[in-house]
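These are my notebook entries on a structure that I had not looked at before.

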Amino acid sequence: MDRLSVTLCGIPLSNPVIPASGTFGYGYEFAELYDINILGTFSFKGTTKEPRFGNPTPRIAECTAGMINAVGLQNPGVEKVICDELPKLKKVFNKPVMANVSGFSLEEYAYTCERLNSCDEVGWIEVNVSCPNVHSGGMSFGVDKSEAAKVTRAVKKVTTKPVILKLSPNVTDIVSIAKACEEAGADGISLINTLLGMRIDLKTKRPVIKNTMGGFSGPAVFPVALRMVYQVAHAVKIPVVGMGGVSCAEDVIEMMLAGASAVEVGAQNLIDPFACKKIIEDLPQAMDRHGIDRLEDIIGKA
């Protein structure tokens, strides 16, 4: 597996394939299907300070080459994650895990990240800045570079583990936001989070999703994600984790050529729970087909 190995923020991975947050639960659910230690790591379900029930249903809509979701960060809250979810995960996963954190104020981000920082199972903290800032009229932290930088600084003050900022693509200049996070101390950048989309039911003439709009993901967004990964990776000096529509080994290679040090797989896990396992198993053959000896050698070589 050496030819598949990479390093993310100083932590070695046996391969660059990482199931994305919100598509892999807390890991142990998938461990019933296969040995999840085959993964490089995974990003667990977005976790907030307090428990969240999520948005009203329906909150999933199918669409061509993708899906729209407005789950609303349903999770049991950070204390339950630490006391219940991580001990169950530890029984089936022997690698560092990526903790995905969401918040609705700087104080919430800092509190949740500080709590997870104390957990031995956590290797990286992935901070989702696509959440609405309740103290700024509901504007997402991730659409303004100064707000994203504030989150970065708040989290870095209370953590010793690598902090990766997960950016929203729903902006006009994602590079400036990534650079602001880097200047504020981020150890890495992950992108893209979902694009904003919607569907309308022709029978009822109403939006399919109760929340009207939701996050659009799946193979259809891959070219947009690849473009943004390329732009950010060439603008910052910290590692980039690429995601958005990745569904096969060739997509992983493309993302890495664009500049990604590791690659997250999201919606494909909901279509096929064995998706990441298949991608990892297919990578050596895909590398052979394209004359690649080691994955780490191709990062940013496009």
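Which residue forms a salt bridge with Glu79, and how far apart are the closest N and O atoms? I looked this up and found that the partner is Arg115, with the closest N and O atoms 2.9 Å apart. I took a salt bridge to be a side-chain nitrogen of Lys or Arg within 4 Å of a carboxyl oxygen of Asp or Glu.

Before going on, I noted that this is a predicted model, in which local features need pLDDT of at least 70 and side-chain atom pairs count only at pLDDT 80 or more, while totals for chains, interfaces and linings use all residues. Residues are numbered from 1 along each chain as its sequence is written, and side-chain values use heavy atoms, with hydrogens and water left out.

**Entry on salt bridges**

I searched the whole structure and found 10 salt bridges. Glu79 lies in helix α2 (residues 78–90) and Arg115 in helix α3 (residues 106–117), so this pair ties together parts that are 36 residues apart in sequence. For helices I used DSSP runs of H or I with at least four residues, numbered from the N terminus. Glu79 counts as partly exposed at 29% relative accessibility, and Arg115 counts as partly exposed at 27%. Here buried means under 20% relative accessible area, exposed means over 50%, and partly exposed is in between, with a 1.4 Å probe and protein chains only.

I then turned to Asp84 and Lys80, whose side chains meet in a salt bridge at 3.6 Å, N to O. Both lie in helix α2, 4 residues apart, which is about one turn of the helix. Asp84 is partly exposed at 33% relative accessible area, and Lys80 is partly exposed at 47%.

In helix α4 (residues 145–156) I found Lys150 and Glu147, 3 residues apart and so about one turn of the helix. They form a salt bridge whose closest N and O atoms are 3.2 Å apart. Lys150 is partly exposed, with a relative accessible area of 37%, whereas Glu147 counts as buried at 11%. I also noted that salt bridges with shared partners join Arg294, Glu296 and Asp297 into one network.

**Entry on helix packing**

Next I asked at what angle α4 and α5 pack. The angle is about 30°, with the axes 8 Å apart, where axes are lines fitted to C-alpha atoms over the stretch in contact and angles run from 0 to 180 degrees between N-to-C directions. The two helices are therefore roughly parallel to each other, given that angles under 35 degrees count as roughly parallel, over 145 as roughly antiparallel, 65 to 115 as roughly perpendicular and the rest as oblique. The contact, meaning heavy atoms within 4.5 Å, is made by Lys145, Ala148, Ala149 and Thr152 of α4 and Ser176, Ile177, Ala180 and Cys181 of α5. By class, this contact has 5 nonpolar, 2 polar and 1 charged residues.

I followed α5 (residues 174–183) on to α6 (residues 222–233), and the axes of these helices come within 9 Å and cross at roughly 45°. That makes α5 oblique to α6. Ile174, Val175 and Ala178 in α5 meet Met228, Gln231 and Val232 in α6.

Definitions and conventions
Ala, Val, Leu, Ile, Met, Phe, Trp, Tyr, Cys and Pro count as nonpolar, Asp, Glu, Lys and Arg as charged, and the others, Gly among them, as polar.
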